[in-house]
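Biologist: I have a structure open and I'd like to learn how to read it piece by piece. Could you walk me through a few of its features?

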Protein chains: 2
Amino acid sequence: MAKNPSWVLRSYPSGMPTVGNWMREDRPIPEPAEGELLLKTLWLSVDPYMRGRISPAKNYAAGFGLGDLMSGGGIGEVISSGSPDFKPGDIVMSDYFGWQPFTSIPASSAKVVTATDAPVQASLSYLGMPGLTAYFSLLKTGKPKQGETVLISAASGAVGQIAGQIARIKGLDPVAIVGTDAKLEWCKKLGYRQGINHRTSTDLVADVAAACPNRVDVFIDNTAGPIHDAAMLNLNTFGRVVIVGTIALADRFDQPDIGLRHLRKTLITRARIEGFLLDDHEHEFETAKADLLSWYKQGLLETKEDVAEGIEAVPYAFVRMLNGENFGKQLIKL
Amino acid sequence: MAKNPSWVLRSYPSGMPTVGNWMREDRPIPEPAEGELLLKTLWLSVDPYMRGRISPAKNYAAGFGLGDLMSGGGIGEVISSGSPDFKPGDIVMSDYFGWQPFTSIPASSAKVVTATDAPVQASLSYLGMPGLTAYFSLLKTGKPKQGETVLISAASGAVGQIAGQIARIKGLDPVAIVGTDAKLEWCKKLGYRQGINHRTSTDLVADVAAACPNRVDVFIDNTAGPIHDAAMLNLNTFGRVVIVGTIALADRFDQPDIGLRHLRKTLITRARIEGFLLDDHEHEFETAKADLLSWYKQGLLETKEDVAEGIEAVPYAFVRMLNGENFGKQLIKL
């Protein structure tokens with residue numbers, strides 16, 4: 001039985017998750033049953049949605065139980081295949097990689113990573129879930145019109161960095177909200193016209209107003225919390241607010257979120273506030289991937305990865321990302 | 001100079017408006033200038049949106065200043081006309097009737113009330129603004145599908161009584177939220193399948209859950225406040241919440257509305273929450289009025305009016321309506 005150090009959930013976080021919520025167990029290298037693949041993990045992805053999966057509350061995805069092996073997006077090489085559709089040596093991606101060096105997944109969840117000019121891990125980033133989230137949340141749910149102001153929170157993150165650049169490519173006016181000056185500087189390099197460091201701002205509502213003189217037409221909300229308020233209070237008539245993530249609530253996930261409510265503002269502006277989940281757009285993934293790849297090939301998309309190394313780093317990278325300490329898409333290279 | 005007792009705004013309400021916020025002044029009977037009409041007021045309408053117009057805060061409609069003549073929807077008879085489009089004796093409606101027995105309005109704001117089988121004041125009720133609000137908020141913004149559960153707050157009010165019946169006519173499953181048992185009984189007579197008296201409910205969230213076993217697909221929100229929360233907490237996947245009014249905030253209109261925020265619920269359900277203003281649907285008014293009139297003629301629409309009498313009653317009727325003490329569309333007959 002070879003060594004296969006695997007991360008399992010030890011306890012549900014009561015506030016912001018800490019590394020102590022997980023523990024490492026040496027698990028056997030799985031034997032893939034029929035319809036399964038045994039994979040050598042090459043890359044793992046940690047993403048904000050996973051905060052919801054370590055909460056005991058009901059969520060859109062089934063959560064982990066205590067003692068369960070953690071899993072999430074990853075890329076790996078097929079070692080042995082219980083499916084005629086895959087053969088050893090194939091490089092595949094799936095949303096069901098265990099947090100472990102050797103993992104088995106249902107073959108039905110796997111896709112061969114098509115060779116492109118982009119590095120293989122792009123399938124976990126701008127050519128994958130975060131890039132697609134940026135694409136559909138902005139273009140399909142946000143429905144921006146030429147020249148409109150698009151405010152994007154967590155603007156240098158995995159979703160935000162792509163959303164801002166799509167906005168630039170589409171002739172929109174992107175404005176960033178980020179957590180450090182270095183992130184802000186990079187966002188401007190990506191084509192964000194303007195931006196705000198919410199951690200140093202002393203009046204976020206006024207700063208959003210100053211950065212968005214024509215008010216906010218589309219808000220891609222990756223955070224919730226006070227940033228949401230600042231956007232709502234600066235919303236234009238017929239503004240659209242796409243609720244993509246709530247990472248600002250990561251430290252109080254199972255508590256009621258008490259704060260300012262914006263129903264009169266919603267009425268007066270005839271705002272549309274809409275929840276976003278990428279799965280609902282699956283039938284259009286191929287079109288979107290083709291667009292993203294074409295922009296990448298034309299040199300129109302610049303991206304940043306924040307890469308941790310080794311299986312031991314996974315929960316550290318996850319907690320780091322939840323705290324906004326990553327700079328670019330958080331990945332783990334095994 | 002004949003007596004023309006007119007209501008002017010004396011003070012901005014600091015909480016729930018009271019009759020003392022207005023005072024009566026004897027004003028001269030207006031001399032209509034060119035482009036104006038002098039009218040004898042027959043009916044006045046008081047409506048929740050007018051709460052926003054007596055607030056000093058910025059709103060979607062310009063507010064009244066202190067000492068200004070109050071105005072709102074009404075029906076009257078043309079006494080003298082400064083417009084070739086109207087002649088003495090015409091019965092017209094407008095949103096700019098002063099709260100006074102004789103009033104002058106811009107002819108451009110007036111429409112001749114077309115003779116129908118319905119009484120003339122129906123143009124202020126089910127064939128007018130409240131009926132159109134019900135029609136468009138439910139059918140256009142709510143976009144209900146056959147058999148879906150439609151929860152409606154202030155369900156026996158001017159908008160709610162029509163929304164519930166349109167839902168019934170369209171094969172939907174309407175559920176009422178009201179403030180008295182008598183209103184609830186009447187709502188069931190109108191075709192609401194089920195309902196809740198929010199003033200006697202001890203657990204509104206549980207009561208909405210019990211009344212909506214398939215959860216809430218469309219919520220026509222005339223109130224905001226705790227009723228909004230109960231609906232949000234029972235929202236179905238892809239639920240639609242139409243923000244039509246916020247009458248539950250009438251007593252704290254200029255204060256921040258602090259309470260439970262529903263961003264994670266919005267994300268998880270992919271809800272769409274959208275502000276509604278009737279003016280945005282003006283290009284489709286004639287179609288909607290034809291539908292409403294046809295349903296009325298077929299005996300499919302039952303309606304209730306709550307009629308106060310005389311010019312002295314206007315602010316009393318308004319305050320009564322804001323407190324939910326009216327039963328049916330609140331009107332004043334002069």
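**Starting from one glycine**

Modeller: Gly147(A) touches Gly171(A), Leu172(A) and Asp173(A), leaving out residues up to four places away in sequence. Keep in mind as we go that this is a predicted model.

Biologist: Where is Gly147(A) found in chain A?

Modeller: Gly147(A) sits in the loop between H2 and strand E8 (149–153) of chain A.

Biologist: And is Gly147(A) buried, exposed or partly exposed?

Modeller: Its relative accessible area is 46%, so Gly147(A) counts as partly exposed. For a sense of distance, take Lys3(A): it is 144 residues from Gly147(A) in sequence, and the two C-alpha atoms are 55 Å apart in space.

Biologist: You mentioned H2. How do I read the way two helices pack?

Modeller: Two packed helices are described by the angle between their axes and the distance between the axes. Here, helix H2 (residues 129–141) of chain A and helix H8 (residues 285–297) of chain A have axes that come within 10 Å and cross at roughly 105 degrees. Angles of 65 to 115 degrees count as roughly perpendicular, so H2(A) is roughly perpendicular to H8(A).

Biologist: Which residues of H2(A) and H8(A) meet?

Modeller: On the H2(A) side they are Gly131(A), Leu132(A), Tyr135(A) and Phe136(A). On the H8(A) side they are Phe285(A), Thr287(A), Ala288(A), Lys289(A), Asp291(A), Leu292(A) and Trp295(A). Sorted by class, this contact of H2(A) with H8(A) has 7 nonpolar, 2 polar and 2 charged residues.

Biologist: Now burial. How many residues of helix H6 of chain A are buried?

Modeller: A residue is called buried when its relative accessible area is under 20%. Helix H6 (residues 225–232) of chain A is mostly covered, with 7 of its 8 residues buried. Those are Gly225(A), Ile227(A), His228(A), Asp229(A), Ala230(A), Ala231(A) and Met232(A). In chain B, helix H6 (residues 225–232) is also mostly covered, again with 7 of its 8 residues buried.

Biologist: There are two chains, then. What rotation superposes chain B on chain A?

Modeller: A rotation of 180 degrees does it, with 0.0 Å of shift along its axis and an RMSD of 0.0 Å. That is the relation of a two-fold axis. The same surface serves both copies: 97% of the contact residues of chain B recur in chain A.

Biologist: Which residues touch the most other members of the largest nonpolar core?

Modeller: That core has 48 residues, and the ones touching the most other members are Leu151(A), Val208(A), Leu151(B) and Val208(B). There is also a second, separate core of 36 residues, which includes Ala122(B), Leu127(B), Leu132(B) and Ala167(B).

Biologist: Let's zoom in on Val208(B). What does Val208(B) touch?

Modeller: Setting aside residues up to four places away in sequence, Val208(B) touches Leu151(B), Ile177(B), Ile196(B), Val216(B), Ala230(B) and Asn234(B). Val208(B) lies in helix H5 (residues 204–211) of chain B. With a relative accessible area of 0%, Val208(B) is buried. The C-alpha atoms of Val208(B) and Ala176(B) are separated by 9.5 Å, though these residues are 32 apart along the chain.

Biologist: What about loops? Is Gln100(B) buried or exposed?

Modeller: Buried: Gln100(B) has a relative accessible area of 4%. Gln100(B) is in the loop between strand E5 (91–98) and strand E6 (102–106) of chain B. Among the residues that Gln100(B) touches are Asn4(B), Pro5(B), Thr41(B), Leu69(B) and Leu334(B). Leu69(B) is 31 residues from Gln100(B) in sequence, and their C-alpha atoms are 8.7 Å apart.

Biologist: Where is the place of Arg270(A) in chain A?

Modeller: Look in the loop between helix H7 (263–269) and strand E14 (272–275) of chain A. At 15% relative accessibility, Arg270(A) counts as buried.

Terms used
Residues numbered from 1 in each chain as written. Chains lettered and ligands numbered in written order. Predicted model: local features only at pLDDT ≥ 70, side-chain atom pairs only at ≥ 80, totals over all residues. Heavy atoms only, no water. Axes fitted to C-alpha atoms, helices over the stretch in contact; angles between N-to-C directions. Helix = DSSP H or I, 4+ residues; strand = E, 2+ residues; numbered from the N terminus. Parallel < 35°, antiparallel > 145°, perpendicular 65-115°, else oblique. Contact = heavy atoms within 4.5 Å. Nonpolar A, V, L, I, M, F, W, Y, C, P; charged D, E, K, R; others polar. Buried < 20%, exposed > 50% of the residue type's maximum accessible area, 1.4 Å probe, protein only. Least-squares fit on C-alpha atoms with pLDDT ≥ 70 in both. Core = buried A, V, L, I, M, F, W, Y, C linked by side-chain atoms within 4.5 Å.
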